[in-house]
Amino acid sequence: MGEKGMDGFGTITWWGFSPALDFQETGITELMKTLDLNSDVDTVNVLVIGAGDLRHVLTTIARRNRHPKRKLHTQKRLGLQEKTELFLELYGNILVRKQSADYVEKISTDFIKMVTDLDYLEKKLSCLDLSQLKFKERDFLEGIFKFWRNPSTDLFDAKKCWELRLRQYLGTRYDARFNIFDWDYSMHLIERGGQIINTHQYKNWRNTGQAFEVREGSYDVPNKTLASGIVFKHDGDRHARRGYWGDIIVSPYVPLGIESEEKSLFKKMNDMHIKTAEDVAEYNVLAMFHELAFDERYSLPAQEEKTEPTKDNTPKLQEITEEDEEKEESEAETVKQAGEKGDKSNNSAPTDATQRPLDQEYESLPLEDVKVTFLPLGCVPDLTKRSKFQKAFNVVYFSNSLVHHLTPEFNAVFADRCTVLIESALFMLELKKEQVAKFVEKVTGMAQAAGCKELEKCDAEQDAVVKMYFTR
């Protein structure tokens, strides 16, 4: 595929191109079943190369209590629903609400302290380890967080950056862009497992960069977390430019919104999905945060049907009497008075419970059995040379853009029994089916050359991940 043909995927990977995985389930449990062995792994070391986001890490951590107790090395401020909406908004929208931008601005001060003072990081977020990063890389992170903290909205014109990406990618086809969006949706995305993605939501994201608008409001503030810099060469000179350089084709619906444990979300009526990928993503993230906080699986609350079909297929209308209206008005007035009384008491004596969420001190969830370590950029080829990584990893994950690091020599970092997971090119929508199949064939051969065997037979037209395993 030529360089021009890959422009739509971008040079910065803000999200991955495959659904989230639980590495203990996919990496350890399935391997033990294949080898017909009992699990005897006390500590699971997972190496994630180029995933693009933390979807696999968060899913694995959230579901860690479903498996035998192992150490994993890989609610005061906001309620679960607020966290979910904030996460999705920052994850997949080029524009966010003012309150979401305020949150990023506020939390960035904590982030700056964390990357510049590792003792503070250990105190505030002990599950995270940045000690392996170079000083220069931590300085880069500090610069990024300072950019996030800057309240000016003029530093990143997100709407204009998105439009420029579209115009650059589509060229003379820009005026017919909705026809192109519809073609990509109908002829590529649907055929590869994206049926739950709503056509209107997908085309709206392609046109505006807005994927998740779960909460009603004005989405008009640039999402600085999706801004990045890139260096261009022009007439022999190098020019730095800030913009949006991520995916404008696949969408953030794929990593979070096309698969779920809650199968009721995929019900159909008249051969059409009742829910959308946005609903699935909201459930998945909420369930993940719930399990992180309470160490138990989340299940949808039982809901009563609001309407029932009548014989003539028209919905029933609930009759509202004058007495009902008066009762509702009376209740509303009572709530209003209670709120005013509460406001007065809050002004006189604020407490932790009445403070604004952002005014409270940041406090992370206790995750004593988890450690997520960030490694330096470009360190993958050197891992085999370091004794501490010899036979260290029980699960190794490669994104489709960095699978070239899977060489015969790289198996030195594989544990004696190791699961190797490779993101396929299934959702690289610009690739033809033949190219996707060829990619699977090629990476399977690379894994076999490194001593791996098939954990499952990969269907290039359906599977987003190639599953292999290694044994000594």
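Select helix H3 (residues 80-92) together with helix H11 (residues 277-294): their axes come within 9 Å and cross at roughly 130 degrees. H3 is therefore oblique to H11, where angles under 35 degrees count as roughly parallel, over 145 as roughly antiparallel, 65 to 115 as roughly perpendicular and the rest as oblique. The axes are lines fitted to C-alpha atoms, for helices over the stretch in contact, and the angles run from 0 to 180 degrees between N-to-C directions. Helices (H or I, at least four residues) and strands (E, at least two) are DSSP runs, numbered from the N terminus.

This is a predicted model, in which local features need pLDDT of at least 70, side-chain atom pairs count only at pLDDT 80 or more, and totals for chains, interfaces and linings use all residues. Residues are numbered from 1 along each chain as its sequence is written, and side-chain values use heavy atoms, with hydrogens and water left out.

**The H3 and H11 crossing**

Remain on this pair. The crossing of H3 and H11 is right-handed; a crossing is left-handed if the near helix is turned anticlockwise from the far one by less than a right angle, and right-handed if clockwise. To display the contact (heavy atoms within 4.5 Å), select Leu 80, Gln 81, Lys 83, Thr 84, Phe 87 and Leu 88 on H3. Their counterparts on H11 are Ala 281, Glu 282, Val 285, Leu 286, Phe 289, His 290 and Phe 294.

**Two loop residues with positive phi**

Next, select Asp 295, in the loop between H11 and helix H12 (322-348). Asp 295 is not a glycine, yet its phi is positive, at about 55 degrees. Most residues other than glycine have a negative phi. With a relative accessible area of 45%, Asp 295 is partly exposed; buried means under 20% relative accessible area, exposed over 50%, and partly exposed in between (1.4 Å probe, protein chains only).

Then move to Asp 271, in the loop between strand E8 (268-269) and strand E9 (272-273). Asp 271 also has a positive phi, of about 65 degrees, although it is not a glycine. Its relative accessibility is 66%, so Asp 271 counts as exposed.

Select helix H8 (residues 177-189) and helix H9 (residues 199-208), which pack at an angle of about 130 degrees with their axes 10 Å apart. That angle makes H8 oblique to H9, and their crossing is right-handed. On the H8 side, the contact is made by Arg 177, Phe 178, Phe 181, Asp 182, Asp 184, Tyr 185 and Leu 189. H9 contributes Thr 199, Tyr 202, Lys 203, Arg 206 and Asn 207.

Within H8, pick out Asn 179, which is exposed with a relative accessible area of 59%. Asn 179 and Lys 203 are 24 residues apart in sequence, and their C-alpha atoms are 9.6 Å apart in space.

The axes of H7 and H9 come within 8 Å and cross at roughly 95 degrees, so the two helices are roughly perpendicular to each other. Trp 162, Leu 166 and Tyr 169 of H7 meet Trp 205, Arg 206, Asn 207 and Thr 208 of H9.

**The segment before H1**

Go to Ala 20, in the segment before helix H1 (23-35). Ala 20 has a relative accessibility of 27% and counts as partly exposed. Leaving aside residues up to four places away in sequence, Ala 20 touches Arg 55, His 56, Thr 59 and Pro 255. A C-alpha distance of 9.0 Å separates Ala 20 from Thr 60, which is 40 residues away along the chain.

**Helix H13 and its two faces**

Finally, select helix H13 (residues 433-449). At 1.5 Å a residue, its 17 residues should span 24 Å, and the end C-alpha atoms are 24 Å apart, which agrees; the expected span is 1.5 Å times one less than the number of residues.

Colour Val 436, Phe 439, Val 440, Val 443, Thr 444, Met 446 and Ala 447, which are buried in H13. Seen down the helix axis, these buried residues fall within an arc of 160 degrees, so they line one face of H13; the arc is that of the directions from the helix axis to the C-beta atoms. They pack against strand E12 (414-423), strand E13 (452-454) and strand E14 (465-471). The face turned away from the buried side carries the exposed residues Glu 434, Lys 438, Glu 441, Lys 442 and Ala 449.

On the buried face, centre on Thr 444, which counts as buried at 10% relative accessibility. Residues up to four places away in sequence aside, Thr 444 touches Glu 454, Val 466 and Met 468. Thr 444 and Cys 458 are 14 residues apart in sequence and 9.1 Å apart in space, C-alpha to C-alpha. The tour ends just after H13, at Gly 451, which takes a positive phi of about 95 degrees.
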